[in-house]
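User: I am new to this structure and would like to learn how to read its features one at a time. Could you take me through them, giving the general idea before each case?

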Amino acid sequence: MSGEARRRQFLRRTGAALALGGVGATSGCLGVITGSEPAEFSASVASVPNSTLESTGFEEYRIEPLEITREFTVAGQTREVVVTNQLAQYDKAAEVLGERVRASMFVALSTPAVEIAGQTLNPVGELSTRELARRMLTRYEGISNLQGDGEETVEVLGTETTVGLFTADATITEGVTTEVRLHVSEAVRAGADFVVTVGAYPTLLSGQADDVRTMMRSVTHEGE
C-alpha cells in the first residue's frame, strides 16, 4: 500500500473506529423503539475554520458522512438503527527521515448522542482518552505499541477538555516506520452530538503539538 493510501486509510478508519464504538454499544439499548421504520440519528458537522488552517498549515482533505446501520431483535421483532456521523479530515506535509510526506493528521468526529426517553445512549461520552485511542488503533494495522504519555487540558468548543497524549509506532509511507505522537480529546457535548478530536504527527516534528492544540481550540460545530 502506498504512503498516500495508508494515510487516507488512517484518517477514515480513525473516525470509523470512534463512531463504531458508539453505535455497537447503543443498539441493544434501543428496545423502546417500536414500528417498522428504522430509527435514524444524524450528527451536525464539526470542522476547523479556514483561518486556522492557514495559520497552522493544515489542509482540508474532506468532510464526509459515515453512515452506520445495525439490526437488532427485540421481542421477536427486528429493528434497524441508522446513525450518520460526520468526519472532518485534515493533513499537512512535512519532511520525515529525508522524505516529503503528508505526515501530520487531524480529525474531528461528530457523532449523535442518541437520546431516547431522556437517556443518552451513545457511550462515547463516557469513554476515556485511552479507550478512544485503543479503539482507533484496533481499526488500523499500520500503528502499534500504544503507550500513554500523560495528559493536558485544552478548550474544545468552549469546554475545558482532557486530552490524552500517547506515542505509538507507525508506518507513514512504504518502508518508513517512525514513532508518532497522538493527541486524543475526550468527547465534548455539542447540542445533540458528541465531538471527539484527534491529532497525530511524527515525534520528530515536536513543533506540531502547538498546531494540533490550535486546531482543537478552533473546532466549530454547526449545531451550536
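User: Where is the place of Q86?

Analyst: Helices (H or I, at least four residues) and strands (E, at least two) are DSSP runs, numbered from the N terminus. In this case, Q86 has its place in strand β4, which covers residues 77–96. This is a predicted model, in which local features need pLDDT of at least 70 and side-chain atom pairs count only at pLDDT 80 or more, while totals for chains, interfaces and linings use all residues. Residues are numbered from 1 along each chain as its sequence is written, and side-chain values use heavy atoms, with hydrogens and water left out.

User: Why does Q86 count as buried?

Analyst: Buried means under 20% relative accessible area, exposed over 50%, and partly exposed in between, using a 1.4 Å probe and protein chains only. Q86 counts as buried because its relative accessibility is 14%.

User: Which residues is Q86 in contact with, leaving aside its neighbours within four places in sequence?

Analyst: Contact means heavy atoms within 4.5 Å. With those neighbours left aside, the residues in contact with Q86 are A43, S44, V45, E64, P65, A108, L109 and S110.

User: How many aromatic pairs does a search of the whole structure find?

Analyst: Rings of Phe, Tyr and Trp (its six-membered ring) pair if their centres lie within 6.5 Å; planes under 30 degrees apart count as stacked, over 60 as edge-to-face and the rest as tilted. The search finds 1 aromatic pair. Y90 and F106 form this tilted pair, at 6.4 Å centre to centre and with 50° between the planes. The pair links distant parts of the chain, since Y90 belongs to strand β4 and F106 to strand β5 (residues 99–112), 16 residues apart. Y90 and F106 are both buried.

User: Which strands pair with β12?

Analyst: Two strands pair if DSSP finds at least two bridges between them. Strand β10 (residues 176–185) pairs with β12 in the antiparallel sense over 5 bridges, and H183 stands opposite G199 in β12. Strand β11 (residues 188–190) also pairs with β12 in the antiparallel sense, over 3 bridges. A hairpin is formed by β11 and β12 with 2 residues between them, and G191 in the turn has a positive phi of about 60°.

User: What stands opposite F194 in β12?

Analyst: R189 stands opposite F194. A charge sits over a ring if NZ of Lys or CZ of Arg is within 6 Å of the ring centre and within 35 degrees of the ring normal. Here R189 lies over the face of F194, at 5.3 Å from the ring centre.
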